[in-house]
Amino acid sequence: MVKKWHLYLTVICLISGVLLITLFKTQQAVRAEAASKKANNLISVIDGLEKETDALEEKIAALREQIDAIQKEQISGEDRMASLKQELETLKMQAGLTEVEGPGVIVVLDDNAKGAEAAKTSDLSTYNPEKFIIHDKNVLYVVNDLKNAGAEAISVNNQRIVTTSNIRCVGTVILVNSTRMAPPYEIKAIGDPEKLEQGVVNGIDYSYLKKNDFPVKIIKEDNIVIPAYKGSYSPVHAQPQEQEESNNE
């Protein structure tokens, strides 16, 4: 009876051991499968992140190229704008629309008051006041002499001379740019002082006035300021010429 009990106990122990070993192996298999599945998921996530990184790097490279192109275009545009502004300033200066300064001469023409008084005292019946005043032609001829001598800017009593300027008499009054002038007439010109002086001295009108004792003089200056033209350009007949279409397109 005792031997059978031992036999039963032994069998039960063997069966329990087998069951425990089977359970342990099953748990190990489950854990291994879970670990494998987790690793696969992690690899999949890493692959996805690597693809997103590659896509972002390509996008960044493309954006950098666009930024470089925009910067180059902007620099080119700024250079062009600076060139146009410089060209505009040069044209405005040539047109007399900006104040300018530089070396030059000041030619002063004044009426011959002393000569007039002497003539009137000497013989009133032959006295002609027209012979002792500065006329519009005197101013105009000196201005033309200065232009011929290379003057780059001219003014008469601070009225800038431009292409549309007129110098004319209305009665006993000289008008420059439709502004009334009174003697003495101060004609400023910017350019080579020596050439401007010689241009005026060798001109016909200045010599005539000097010879007839008009108080005229030429002053050379290192720096003269000439104001901008303050009038308006209002052409009535002149219009920009229409450009023909290239090759009659």
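**Sheet pairing and helix packing**

Strand S2 (residues 153-156) and strand S7 (residues 185-190) are joined by four bridges in the antiparallel sense. Strands (E, at least two residues) and helices (H or I, at least four) are DSSP runs, numbered from the N terminus. Two strands pair if DSSP finds at least two bridges between them. Ala153 has Ile190 in S7 as its bridge partner. The model is predicted: local features need pLDDT of at least 70, side-chain atom pairs count only at pLDDT 80 or more, and totals for chains, interfaces and linings use all residues. Residues are numbered from 1 along each chain as its sequence is written, and side-chain values use heavy atoms, without hydrogens and water.

The open sheet has five strands. Their order is S3-S2-S7-S1-S8, with antiparallel pairing. Strand S3 (159-160) and strand S8 (217-226) are the edges. Each has a single partner strand, so one side of each lacks a neighbour in the sheet.

Helix H3 lies across strand S1 (100-109), S2 and S7. H3 runs at about 10° to S7. Axes are lines fitted to C-alpha atoms, for helices over the stretch in contact; angles run from 0 to 180 degrees between N-to-C directions.

H3 (residues 136-148) also packs with helix H4 (residues 193-201): their axes come within 8 Å and cross at roughly 140°. In H3, Val142, Asp145 and Leu146 meet Leu196, Gly199 and Val200 of H4, contact being heavy atoms within 4.5 Å.
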